[in-house]
Amino acid sequence: MSAAEEVVAEGHQAVEAVPKRAMTLGTGTSLLVLAVLLVVPVFVKNFIIFQMTMLLIYGLAVLALNILTGGSGQFSLGQSAFYAVGAYTSAVLMEYFNVNYALTIPVSAAVCFGFGYLFGKPALRLSGVYLALATFALATAMPQLLKLNFLEHWTGGVQGLVVTKPDAPFGLPMSQDMWLYYFTLIVTVAIYVFSVNLLRSRSGRAFMAIRDNEIAASSMGVNVALYKTLAFGVSAGITGVAGSLGAIAVQFVAPDSYTITLAISLFLGMVVGGVGWLPGSFVGAAFIIFVPNMAESISKGLSGAVFGVLLFLVIYLVPHGARQIAILGQQFAGKLRRN
Amino acid sequence: MELFTNQVLAGIATGAIYACMALAVVMIYQAIDHLNFAQGEMAMFSTFISWQLMQWGVSYWAAFLITLAFSFVAGIAIERILFKPLVKAPVLTNVAGFIALFAIINSSAGLIWDFTIKQYPTPFGSSPFLGSQLISTHQAGMIGVTVLLLLGLYFFFQYTRIGLAMRAAASVPESARLVGINTSWMIALGWGMATAIGSIAGMLIAPVVFLEPNMMGGVLIYGFAAAVLGGLSSPFGAVVGGFLVGIFENLAGTYIPGVGNELKLPIALALIISVLVVKPAGLFGRHIVKRV
C-alpha cells in the first residue's frame, strides 16, 4: 500500500540455508538404519510390512519435495500431480501393454521428469506464493484431467484401474508383500544415494546457491533458469517413481487418490522431517502415515482436531523438524566422546 | 450477445463472494506476510457462531455485530496463543501451523454443529435485483458490502494513525520498532481485523452456498486465486481480482466446449497463471525490489 513496502528486509528468506554437509546422515548411522530396514520384515506381520512399504514410498515422495524446496528453494503444492502421473504410467503400461512392473519404473521416472521439466519452464517466472498457487492449480486440475472422457479408455475414468501385484521372482520363498518391500527398499536406497550425490555435485551446489540468493548465484555464472527447471524435473521424476511404486503396492489407481490432500500431506511430511534434511523425509513420511491413524484411535469424531493439536505440538517442540533432534543427538554424542 | 452479458452478470454475482474472501486474505497477508490457509475455516466458524446466536433468538444485526466482535477477539487470541511462539520459526513451519489450525477448526465445527447443511438467512432478501434473473438482491447487497468494506479499509490505512502504524510494521519492521511502534501487537491487530473481515465474508456467503463445516473449501481457493491475481499487496486489486475470477469462471464454463462444472476451477486457475506469467506481481501489486 505504500512505497516503503517495496523494500524487503535483507536476509528474509523463505527457505533456510542448510549447508550441504548438514543434509545427510553419517555413513555409520546410514548403514545401521539400512540394516534395521533389511532385518525387521522377517519378524513382523504382512500388514506391517505393507505399512513399511508405504513408508518408504511416501518417504521417496517427501524426499523429492525436499530436493525441490530444501535444495533449490522452490515451493510446490503440486507434488500429487507428479505422483499421479507416475502411478498412471505404471498402471497403464502394466495392464494394457503387459510390461513388467520393474521396467515401468524407469519409464515413469522419465515421463515425470519431462513433465516436471516442462512445468518448471512457465513456473520460472513465479516464486513464493505465486509459485505455490501455480503448483496448487496443477494439483487440483490433475484428478479432473484424469477423469476426462477421451482419456477414459486408458485411465478407466472415475473407476480407476486395478493393478496386479507381482510375485517374488526366481521362486524366492517370500510373500508378495515382502518381495514388494525389498523391491521398494532397493529402489529407495538407489534414489537416496543418487539424491545425496546430486546435492553434493556441481548441480547441487548450483541449486543451493539459487536457494540462498538467486541474484548472487546468477552473477556467479549459475544458469538460474536451467537449474530451477532441472530441480523441478528431478523432483517430479522421483515423485513419479514413488507414484509407480505406490500404484503397485496399493494395487489400484483412481483419480481421487491423488487430490490436493496428498500434496498437503507430503508438504507436512517435509516440514516435520526438517526442510533440507534428506533422511528427515522418512521421519516425515512416518508422521503422515501413522499420526492420522493415531488421532483416529484417540477420538473418532475429533480426529482432525487431535491431528492438528499433535502437529502443533511437533512444530512447537521442534520448529526445524526432525533435523533439530538429529543435531541435538550429534552434539550429545560429541560431548560423551569428549568426556 | 445477451448470453454474454448474462454470463458476465452472473460472474459478477459469484465474483462478489470471492472478492469478500480475497479481501480478508490480503488483509492478513499485509499483516503477517503469509497466506493463511485456515482463513476459510475461521470464517466458517464465525458464521456458525452467528447462526447459533440466531437460533437462540438474537436478531440478525445483533448477531452480526456480536460475531464481528467475537471474531476480532478470537483472531487476536489465536495469534497471541498459537502463532506468536512461532515468530522465529521458519516460514514453512508457520504454514504447517495454518494447516493444523485448519484441521482443528474444521473438525471441532463438525463435532459441535455436525455436517448437515443448514439454511442461513440474508438481510437483503432474495428477490430478483432490478428485474434481472441473474442477480438477486442478496448478491447486490454483497457487492455493496464489499465495496463499503474496501472504502472503509482504504480510509483506515490511509488516514488513521493506527492504520499508518500497521503499514509501517508490515513493510519495515525494524524501522517501525525504532520509532516506537509495537510491531508484535500490530500483527495481532492484523489477525483480528482479517478474522473480522473473514466473518463478514462468511455471513454473506452462507446464504448462497449454505452453512456447513466444509462450505469455505472451494471459496477459499477462489479467494486466494483472486488475491494473487489482483496482487497481494493491494486490497483494491483483491476485489477486482475477485470479480474477474468470477467472470472468468462463468465464461469458461459457457464458451469452452467440454468444460463441465468440474473443469471450471482448473481453467480459471490456468488463466490466472497465464496472467501471472506476464505480470508476476499480480495486476495491481507492486513489484518487490530485493536488496542483494
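Predicted model: local features only at pLDDT ≥ 70, side-chain atom pairs only at ≥ 80, totals over all residues.
Have a look at helix 8 of chain A, residues 202-212. Its buried residues are A:G204, A:A206, A:F207, A:M208, A:A209, A:I210 and A:R211. What covers them? The cover includes helix 2 (46-72), helix 7 (176-200), helix 9 (214-219) and helix 10 (224-250), which belong to chain A.

Next, let's turn to where the two chains meet. On the chain A side, 43 residues are in contact with 47 residues of chain B. Helix 5 (129-146), helix 9, helix 11 (260-273) and helix 13 (303-317) of chain A each supply at least two residues to the side that touches chain B. Which helix gives the most? That would be helix 13 of chain A, with ten residues.

Helix 11 of chain A packs against helix 4 of chain B, residues 91-113, at an angle of about 130 degrees, with the axes 10 Å apart. That angle makes helix 11 of chain A oblique to helix 4 of chain B. The crossing of helix 11 of chain A past helix 4 of chain B is left-handed. If you want to find the residues on screen, A:I264, A:L268 and A:V271 come from helix 11 of chain A, and they meet B:L92, B:T93, B:A96 and B:I99 in helix 4 of chain B. Sorted by class, this contact has six nonpolar residues, one polar and no charged ones.

We opened with a positive phi, so here are two others. A:N98 is not a glycine, yet its phi is positive, about 55 degrees. You will find A:N98 in the loop between helix 3 (79-96) and helix 4 (101-123) of chain A. Is A:N98 buried or exposed? With 7 other C-beta atoms within 10 Å, A:N98 is exposed. Over in chain B, B:D114 has a positive phi near 50 degrees, and B:D114 is not a glycine either. B:D114 lies in the loop between helix 4 and strand 1 (128-129) of chain B. B:D114 is exposed, with 11 other C-beta atoms within 10 Å.

Last stop, a residue inside chain B. B:M44 is in helix 2 of chain B, residues 39-55. B:M44 counts as buried because it has 28 C-beta neighbours inside 10 Å. And what does B:M44 touch? Leaving out residues up to four places away in sequence, B:M44 touches B:A109, B:G202, B:P213, B:M215 and B:M216. As for B:F83, 39 residues from B:M44 along the chain, the C-alpha atoms of the two are separated by 20 Å.

Note on methods. Residues numbered from 1 in each chain as written. Chains lettered and ligands numbered in written order. Buried ≥ 20, exposed ≤ 12 C-beta atoms within 10 Å, placed from the backbone. Helix = DSSP H or I, 4+ residues; strand = E, 2+ residues; numbered from the N terminus. Contact = placed C-beta atoms within 7 Å. Axes fitted to C-alpha atoms, helices over the stretch in contact; angles between N-to-C directions. Parallel < 35°, antiparallel > 145°, perpendicular 65-115°, else oblique. Left-handed = near helix turned anticlockwise from the far one by under 90°. Nonpolar A, V, L, I, M, F, W, Y, C, P; charged D, E, K, R; others polar.
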